[in-house]
Amino acid sequence: MDKKKVVYSGIQPTGCLTLGNYIGAVSNWLTMQDEYDCLFSIADLHALTVRQVPADFRKTALRFFAQYLAMGLDPKKSILYFQSHVPQHAELTWILNCFTYVGEASRMTQFKDKSQKHLDNVNMGLMDYPVLMAADILLYQSDLVPVGGDQKQHLELTRDIAMRFNNLYSPTFVVPEAYIPKQGAKICSLADPTAKMSKSDPDANATISIIDSPEEIINKIKRAVTDSEPHVAYSEDKPGISNLLTIFSAVTGRGIDSLADEYRDKGYAAFKSAVGEAVVEKLRPVRAEFERLSADKDYLMSVAREGAERAQRIAYKTLAKVYRKVGLVER
Ligand code: TYM
């Protein structure tokens with residue numbers, strides 16, 4: 001039998017897990033976990049590139065882990081763990097640093113954006129962020145990496161680093177491919193539909209958290225910025241309505257064209273209320289399961305412990321191979 005493909009992805013535990021993360025990334029993870037060998041981490045080391053309040057950060061990371069499970073990620077099917085619980089991530093990052101050029105890292109759009117946003121804290125970690133991400137992916141010999149469109153450049157760098165290493169030594173890493181959905185790769189802010197919906201957006205009305213209450217969801221969508229022309233249609237000059245159509249389609253599984261046809265002449269108010277209801281229905285079970293799991297920290301930690309042990313066994317093999325190839329004396 002052919003070996004199953006390995007799938008890897010992660011999310012940084014900052015702010016609230018959003019509908020953008022769910023549609024752009026997690027909804028694909030859910031279908032992949034039935035077919036592939038999947039690993040999904042809470043990328044807590046990545047989140048340290050921006051200042052965190054320790055006690056809040058710890059709580060947020062655990063809440064994200066509970067939300068992974070609540071969304072349907074299943075520890076019987078996938079390896080679910082905290083990145084910081086598997087030391088090989090940081091170790092491989094060091095080695096890969098020595099195969100990544102400063103020029104490449106400084107060209108990353110996200111590095112440039114974040115440096116601008118945090119002028120008082122342009123730390124080395126911010127620049128090294130994509131190398132840690134490459135280590136995450138390459139440690140597990142991953143074939144596929146399901147992410148939203150904003151991670152495409154980081155995936156290209158990961159591939160370049162892997163190929164460079166393979167060419168210098170001998171085939172060591174699987175060269176991974178990004179899996180970016182055709183639709184939903186960029187869910188936009190409800191307050192500014194030309195910008196990405198971002199979990200660190202300080203404007204609570206700009207994002208929908210996957211555990212927002214039904215009232216919050218309905219209200220936020222009602223207030224979503226749109227244009228003043230009355231027809232519901234998917235087009236470049238209607239970014240707000242197009243964004244809502246993309247969300248509507250993602251949560252119902254119906255095509256954008258059919259939804260646009262159905263709501264074309266019904267007016268924005270009726271359209272927005274239908275989108276709101278559909279999002280509420282999609283997230284209702286997630287919210288309920290999150291409430292239930294949050295009360296059971298022991299269970300969450302037992303899943304995390306088992307996930308980290310399984311991940312370490314795989315990661316250790318890759319790291320040992322890399323150490324050998326670069327010529328380090330064996331332990
Ligand atoms: P992060 O935490 O910013 O986002 C997590 C995932 O959600 C996707 N995403 C979106 N998709 C559609 N519309 C949006 N508005 C939207 N916002 C976010 C992201 O593309 C991502 O897939 N560096 C990564 C986390 C990471 C990782 C990895 C990913 C760490 N190690 C290894 C893949 C493989 C990040 O910051 O994602």
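1. A word on conventions. Residues are numbered from 1 along each chain as its sequence is written, and side-chain values use heavy atoms, with hydrogens and water left out. As the model is predicted, local features need pLDDT of at least 70 and side-chain atom pairs count only at pLDDT 80 or more, while totals for chains, interfaces and linings use all residues.

2. The ligand has 27 residues around it, and Tyr129, Asp136, Asp150, Ile187 and Lys199 come nearest (near: a heavy atom within 4 Å). By class, the shell holds 12 nonpolar, 10 polar and five charged residues, with Tyr and Cys counted as nonpolar, Asp, Glu, Lys and Arg as charged, and Gly among the polar ones.

3. Do look at the polar contacts (N or O pairs within 3.5 Å). Ligand oxygen atoms lie 2.4 Å from a polar side-chain atom of Asp150, 2.5 Å from a side-chain N or O atom of Tyr129 and 2.6 Å from a polar side-chain atom of Lys199. The protein buries 98% of the 700 Å² that the ligand exposes when taken alone (Shrake-Rupley method, 1.4 Å probe).

4. Now the domains. The domain assignment, automatic or from a database, gives domain 1 (6-179 + 297-326) and domain 2 (204-292). Their centres, taken over C-alpha atoms, are 30 Å apart. Domain 1 brings 11 residues to the contact and domain 2 brings 13 (heavy atoms within 4.5 Å).

5. About 1,100 Å² is buried between domain 1 and domain 2, and carbon and sulfur atoms give 82% of this area (accessible area lost on being put together, 1.4 Å probe, summed over both parts). On the domain 1 side, Leu19, Tyr22 and Ala70 lose the most area to domain 2, together 46% of what that side buries.

Key:
A polar contact is a pair of N or O atoms within 3.5 Å; within protein, one must be able to donate a hydrogen and the other to accept it, and residues adjacent in sequence count only if both atoms are side-chain atoms. Buried area is the accessible area (1.4 Å probe) that two parts lose on being put together, summed over both.
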